[in-house]
Amino acid sequence: MYSRLLVPLDGSTTAELALDHAASLARLSGATVVLLHVIEELKHCNGFERPQVYIEQVHPGFLAAGQALLDAAAARLRGQGLAVETLLVESKGERVSVLVAQQALSARCDLVVLGTHGRRGVDRLLMGSDAEQVARIAPVPVMLVRQPQSAAVTSQPEWVGTAA
C-alpha cells in the first residue's frame, strides 16, 4: 500500500506519537520511513550575535542538534528492523509546511505522518497550525496523529457536562 512514509520530527511528544504510528505502518507494509527535520534558523538566533559567532558556533550547533534528533529516531527504527532515511533541511525563511510538502514530493513519499497538537480557537489563531497547512497543500495523503484525549489537557469550562 505505502512504500515511503515521510515523518517530520521536531522533538515534540506529538511528533514521537506520529513516529510510532509510522513505524507500525512501515512494519505492516514494508515501507521505508523517511525522517525529516526542518531547522528554522530564526528560532536559534536573536540577531545580536556577531557574524563570526553565528557562523562558528550557533549555526553548527543547531545543525548538530537537528542531526542528533534524526539519528536517535533513525537508530530506534533501525533497531526494529525498519528501513530508514533522514533529511535535514534549513528553512531559510520558508514556511515549514511548504518545506514538508516539497520534501514529500522530492523524496517520493506516498504518505506524510505528522503529529498535531489539535489546537482550537484562540490558540490555533495565535499559534497557527503547520499540520493543518501541510494537510491542505501536501501532494500526497496526510495522516495527522494527535495525543489521546485522556492524555491531552482539555480546556473545557467546569460547568460543561454538569446539571445547571
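**Confidence, fold and two local features of a predicted chain**

The model is a predicted one, in which local features need pLDDT of at least 70 and side-chain atom pairs count only at pLDDT 80 or more, while totals for chains, interfaces and linings use all residues. Residues are numbered from 1 along each chain as its sequence is written, and side-chain values use heavy atoms, with hydrogens and water left out.

For the chain, the mean pLDDT is 85, and 80% of the residues reach 70 or more. Confidence is lowest in helix α4 (residues 121–127), with a mean of 44, and highest in β1, at 98.

Turning to the fold, the chain contains five helices and five strands; these are DSSP runs (helices H or I, at least four residues; strands E, at least two), numbered from the N terminus. Their order from the N terminus is β-α-β-α-β-α-β-α-α-β. Of the 164 residues, 34% are buried, where buried means under 20% relative accessible area, exposed over 50%, and partly exposed in between (1.4 Å probe, protein chains only). Among contacts between residues at least 6 apart in sequence, 77% join residues at least 24 apart.

At V58, α2 bends by about 30 degrees, and a proline, P60, follows within four residues. The bend is the angle between axes fitted to the seven residues ending at a residue and the seven starting there. The buried residues of α2, including V58, F62 and L70, pack against α1 (13–29), β2 (32–39) and β3 (84–90).

Now to a residue of strand β1 (residues 4–8), namely R4. R4 counts as buried because its relative accessibility is 12%. The side chains of R4 and E85 are joined by a polar contact of 2.8 Å (a pair of N or O atoms within 3.5 Å; within protein, one must be able to donate a hydrogen and the other to accept it, and residues adjacent in sequence count only if both atoms are side-chain atoms). A polar atom of the R4 side chain also lies 2.8 Å from the backbone oxygen of A107.

Notes. Contact = heavy atoms within 4.5 Å. pLDDT = per-residue confidence, 0-100.
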